[in-house]
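Welcome! Please take a moment to look over the sequence and the model, and then we can walk through them together, one topic at a time.

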Amino acid sequence: RRVAVGCWAKTARLFDADTGKPLLTLKGHAGDVTAVAFAPDGKRLATGGEDRTVRLWDAAGGDELAMLKADAAVSSVAYSPDGRRLAAGCGRRVLVWGVGK
C-alpha cells in the first residue's frame with residue numbers, strides 16, 4: 001500500500017499509505033512533476049512533467065525504466081486496465097504509447 005505524488009522540486013515521491021513514511025524519491029525530470037500513475041500490477045509507476053517527458057519507473061526500487069517524449073507539458077498520465085498502454089494528456093492532445101508486457 002503506497003501512494004505517489006508529484007513535486008514542484010522536479011521529483012516524485014512514494015510514501016507508505018498507512019504510516020506516511022517516505023519510501024522513495026524519483027529524480028530525473030528537468031521540470032516539475034505534474035502527474036503520476038501506478039500500473040495496474042503496482043510494479044511500475046509513470047510520471048509526467050513540465051519538461052515534456054513521461055518517465056517509467058520501477059516502483060519497488062526507483063530505477064528509471066524508460067523516458068518517453070511528449071510534444072507539450074504533461075498534465076496527466078494513465079495506464080490502460082491491462083497495463084499495456086499509457087496515455088498522457090499534453091496540451092490539447094492525448095498521446096498513447098505501448099508500454100506493456
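Is M67 buried, partly exposed or exposed? With a relative accessible area of 38%, M67 is partly exposed, because that value lies between the 20% limit for buried and the 50% limit for exposed. Keep in mind that you are looking at a predicted model.

**M67 and its surroundings**

- You can find M67 in strand β7.
- Setting aside residues up to four places away in sequence, M67 touches T53, V54 and R55.
- M67 and H29 are 38 residues apart in sequence, and their C-alpha atoms are 9.6 Å apart in space.

**H29, a residue in a loop**

- H29 belongs to the loop between β3 and β4.
- The relative accessible area of H29 is 6%, so this residue is buried.
- The side chain of H29 makes a polar contact of 3.1 Å with the side chain of D51, and another of 3.2 Å with the side chain of T53.
- Beyond its neighbours within four places in sequence, H29 is in contact with K10, T47, G48, G49, D51, T53 and R55.

**The open sheet**

- Here is some background: strands of a sheet pair through backbone hydrogen bonds, either parallel or antiparallel.
- In this model, 4 strands make an open sheet in the order β4-β5-β6-β7, with antiparallel pairing.
- At the edges are β4 (33-38) and β7 (64-69), each of which pairs on one side only.
- From one strand to the next, the twist averages 20 degrees.
- Within this sheet, β5 (residues 44-49) and β6 (residues 53-58) run antiparallel and are joined by 5 bridges.

- Strand β1 (residues 2-6) runs antiparallel to strand β2 (residues 11-16), and 5 bridges join them.
- V5 has R13 in β2 as its bridge partner.
- A hairpin is formed by β1 and β2, with 4 residues between them, and K10 in the turn has a positive phi of about 65 degrees.
- β2 also pairs with strand β3 (residues 22-27), in the antiparallel sense and over 5 bridges.
- Across that pairing, L14 stands opposite L24 in β3.
- The hairpin of β2 and β3 has 5 residues between the strands, and G20 takes a positive phi near 80 degrees there.
- T11 lies in strand β2, and its relative accessibility of 10% means that T11 counts as buried.
- Not counting residues up to four places away in sequence, T11 touches V5, G6, T25, L26, K27 and V33.

**The nonpolar cores**

- Which residues touch the most other members of the largest nonpolar core? They are V54, V77, Y79 and L86, out of 18 residues in that core.
- At least two residues of this core come from each of β4, β6, β8 (74-79), β9 (85-90) and β10.
- A second, separate core has 8 residues, among them A12, L14, L26 and V33.

- V96 sits in strand β10 (residues 93-98).
- Its relative accessible area is 52%, so V96 is exposed.
- Apart from neighbours within four places in sequence, V96 is in contact with R85, L86 and A87.
- From C-alpha to C-alpha, V96 and V77 are 9.6 Å apart in space, and they are 19 residues apart in sequence.

**The cysteines**

- How many disulfides does a search of the whole structure find? The search finds 0.
- C7 is in no disulfide, and the nearest cysteine sulfur to its own belongs to C90, 20 Å away.

Definitions and conventions. Residues numbered from 1 in each chain as written. Predicted model: local features only at pLDDT ≥ 70, side-chain atom pairs only at ≥ 80, totals over all residues. Heavy atoms only, no water. Pairing = 2+ DSSP bridges. Axes fitted to C-alpha atoms, helices over the stretch in contact; angles between N-to-C directions. Buried < 20%, exposed > 50% of the residue type's maximum accessible area, 1.4 Å probe, protein only. Contact = heavy atoms within 4.5 Å. Core = buried A, V, L, I, M, F, W, Y, C linked by side-chain atoms within 4.5 Å. Disulfide = S-S within 2.5 Å. Polar contact = N/O pair within 3.5 Å; in protein donor to acceptor, adjacent residues only side chain to side chain.
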